[in-house]
Amino acid sequence: MPALDQLETTPGATGSAGDASAPTMRTVAVAMSGGVDSSTVAAILRERGQSIVGLTMQLWNQRRLPELQGEGPRQHRCCSLDDVYDARRVAEHLAIPFYVINFERAFEQSVVRPFVEDYLAGRTPIPCTRCNNDVKFEQLLATARQIGAERIATGHYARVRHNAETNRYELLRAVDDTKDQTYFLFGLTQDQLARAEFPLGEMTKQEVRETARRLVLPVAEKPESQEICFVPAGSYVRFIESYLKEQGTAGGSDGGGMRLGEPGEIVTTSGEVLGPHHGLHNYTVGQRSGLGIAVGRPIYVVALDGEKNRLVVGDDAELRSCICEVRNINWIPFEAPDATLHADVRIRNRHQPAEAEITALTPTTARVTFTEPQRAITPGQAAVFYAGKQVLGGGWIE
Amino acid sequence: MQLNRQQIGGRADAVSARPASRVYLDYNATTPVDPAVLEAMLPFLGANFGNAGSVHTPGQLARAAVDAARDSVAALISAAPNEIVFTSGGTESDNLAIFGTVAQSTKPRKHVITTSIEHHAILHACDELARQGVEVTVVPVRTGPGLQGIVDPEEIRRAICPETILITVMHANNELGTIQPIEEIARIAADAGVCLHCDAVQSAGKVQLDVGKLGVDLVSVSAHKFCGPKGIGALYVRAGRQISPRAWGGHAERDRRAGTENVPGIVGIGKAAELARNLLVEDSARIRSLRDRLETTLLERIPNVRLNGDRNRRVPNTSNLSFPGAGGEALLIALDLQGLACSTGAACSSGSTEPSHVLLAAGLSRDDARASLRFSLGRPSTAADVDRAIEIVPSVVERIRALSPREQEAAAMHAR
């Protein structure tokens with residue numbers, strides 16, 4: 001039987017009389033987290049008459065680190081049973097097929113372990129980007145295709161368009177600049193962008209809420225979550241400590257090669273020792289408070305020296321820099337830039353993109369030279385290059 | 001049985017990824033209530049609403065129906081009516097059997113034996129026993145090829161010690177369908193003077209079940225596995241065998257299970273038991289031939305498929321197959337979207353799936369366990385259902401294998 005064709009159209013359309021009215025539209029999988037954004041995506045596509053399937057990823061077992069239980073508002077963290085329940089209720093409300101898929105193994109390998117390793121190595125990671133690249137638009141998309149949905153829609157605020165001239169897919173900032181999430185999506189490949197739908201990219205958050213209310217979605221009034229989904233109450237330090245403890249006992253080794261950062265020295269940029277630190281994973285570049293030392297002027301974390309296990313501090317001026325190197329770059333509207341590029345570069349999520357010159361060193365590495373010094377350029381974060389609304393690409397700050 | 005969309009969700013959609021018609025091959029999960037069962041129950045949800053514990057005439061009418069149902073359930077398993085305790089279902093029956101037996105024992109140290117392929121209603125109850133200080137031995141099953149998924153009675157014998165107070169072994173496994181050698185185990189238990197409980201939730205109504213011949217002390221059954229309603233089951237308690245109640249209240253069920261009798265449910269299980277008993281021979285022969293045709297055809301048409309569980313010693317309605325290279329989760333969803341309902345391992349609380357403990361216990365690798373599907377047939381199953389499954393499954397397996405991330409990696413490597 002011509003199975004592939006059938007799977008790509010509405011399943012069950014096998015030619016019997018009852019199926020005559022069945023649409024031949026391709027099914028789209030909606031990644032549903034149980035939040036208002038992805039729920040509204042499902043509702044919008046449903047309202048448009050799109051054939052859709054709701055998929056919720058089970059990424060992390062909240063019961064795994066029992067000592068973190070009871071911290072923070074549990075109901076608004078992803079993968080809590082409450083969120084899966086919310087996603088299911090929305091799917092029931094919309095009368096669409098809905099499935100929970102277990103990606104706990106992939107999530108731990110691709111997101112959680114690198115997150116912990118980065119902190120231990122003195123970097124400040126962005127787990128959401130890894131999750132998008134390696135889980136949502138990789139594993140989930142693969143599963144979506146296996147079950148007959150060739151495209152995947154998410155609640156991201158971003159836009160994708162196809163450029164007929166270059167025959168490439170382009171990533172654009174959301175219409176609602178305050179909600180734009182392209183900073184987390186720069187790593188999407190052409191194939192991933194070709195299969196992505198971001199219906200909220202054209203809407204403001206206000207419009208999304210109103211749509212959710214108009215369609216009487218069960219999550220219309222649900223508050224937003226800005227936290228890292230697997231880290232309770234925003235305390236990544238406690239998460240790392242619990243995770244390493246669990247790995248130590250569960251793995252029967254020293255945490256699979258990972259060890260909690262040892263205490264070390266706090267030094268100034270000129271090498272003066274100011275006191276002890278509690279392990280580098282406790283600090284991020286740009287941090288001011290919580291250092292436990294007083295020198296009579298504001299001092300900030302300037303760098304985390306993983307090799308020497310030193311926390312380097314300095315004044316505000318020392319925190320500013322014009323140059324950084326970026327690796328593992330994904331270019332979007334072109335394979336690789338022909339020459340030096342001028343772009344606005346964002347170095348953290350809420351950072352106002354700053355003018356810079358980008359010099360490609362190899363097809364996937366570049367030197368970024370800002371016109372004005374930027375505060376707290378942080379290894380482990382992403383540098384994302386914009387030309388106006390368009391995302392040219394991005395990579396990881398060394 | 002072909003169900004239409006109205007029957008499934010009650011919402012006829014102009015546009016949905018849901019197919020218009022469905023084939024249901026998941027009767028081990030649950031069965032529809034037989035129309036005759038529904039008809040028998042309806043008066044007890046309406047005019048005959050009496051409490052079976054009341055003295056007056058409405059109460060007597062309810063009591064008469066409960067007594068008749070008890071006769072019928074007893075007849076299904078060749079027991080006496082006073083050996084039947086109605087419960088809320090298989091899980092409660094299992095828990096009552098286990099905790100009721102342990103609480104009854106006066107031994108200072110207590111030991112319970114079970115197997116690695118039991119339902120969670122048994123295994124998780126045994127976990128709780130262990131937390132309470134009872135020693136628990138979980139006996140493995142044979143990992144095949146011969147007698148795969150079947151416990152070796154000698155393993156049970158070896159596990160018995162002076163402290164052993166209970167052996168609990170299922171009759172038919174819910175995932176593999178394999179039938180356990182209960183008679184042999186019963187002889188071993190009797191020699192040692194140990195109580196034997198048998199979870200027969202997946203065999204009652206599917207194969208002949210004679211508690212006397214089996215030689216068991218306690219047996220759990222559940223109505224919704226044989227075309228009765230959900231929320232009603234029974235525990236057989238051999239005459240003379242004492243169990244402590246797990247809930248205290250009135251004197252229902254001879255003080256063994258307090259609580260107002262679920263009269264409509266009890267009437268339902270009674271009628272369902274009567275039908276199952278009358279139709280058993282006919283149903284099982286027909287279902288077996290459908291199952292065999294489905295299984296043989298899938299094994300022929302799909303490359304690299306493996307049958308899990310011993311081929312001969314199993315209930316006639318179940319077929320468990322591994323499709324290496326195709327994830328069971330994706331298989332299950334893709335088949336559902338094509339209108340075929342079947343099952344992978346047991347679903348966890350969030351609705352997603354972990355590899356089945358039964359398949360792992362039967363010796364499958366985690367990957368193969370994840371790549372497995374259970375097809376289970378029932379009284380409403382038709383030749384058309386099997387035809388449709390044979391039409392759908394091979395192409396879905398092929399697609400999922402071709403699009404599995406591992407395959408694509410391999411293809412990409414090849415291309416380089």
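The centres of domain 1 and domain 3 of chain A, taken over C-alpha atoms, are 26 Å apart; domain bounds come from an automatic or database domain assignment. The model is predicted: local features need pLDDT of at least 70 and side-chain atom pairs count only at pLDDT 80 or more, whereas totals for chains, interfaces and linings use all residues. Residues are numbered from 1 along each chain as its sequence is written, and chains are lettered from A and ligands numbered from 1 in the order in which they are written.

The division of chain A is as follows.

| Domain of chain A | Residues |
|---|---|
| domain 1 | residues 3-9 + 24-233 |
| domain 2 | residues 261-314 |
| domain 3 | residues 320-397 |

Domain 1 of chain A brings 18 residues to its contact with domain 3 of chain A, which brings 16 residues (contact: C-beta atoms, placed from the backbone, within 7 Å).

The largest nonpolar core has 146 residues, among which V30(A), A42(A), L55(A) and L331(B) touch the most other members. Such a core is a set of buried Ala, Val, Leu, Ile, Met, Phe, Trp, Tyr and Cys residues joined through C-beta atoms within 7 Å. Beyond four places in sequence, the contacts of V30(A) include S38(A), L45(A) and A153(A).

R370(B) counts as buried because 24 C-beta neighbours lie inside 10 Å; the cut-off for buried is 20 or more other C-beta atoms within 10 Å, with C-beta atoms placed from the backbone. Leaving out residues up to four places away in sequence, R370(B) touches G327(B), G328(B) and P355(B). The C-alpha atoms of R370(B) and E184(B) are separated by 33 Å.

How values were computed:
Buried ≥ 20, exposed ≤ 12 C-beta atoms within 10 Å, placed from the backbone. Contact = placed C-beta atoms within 7 Å.
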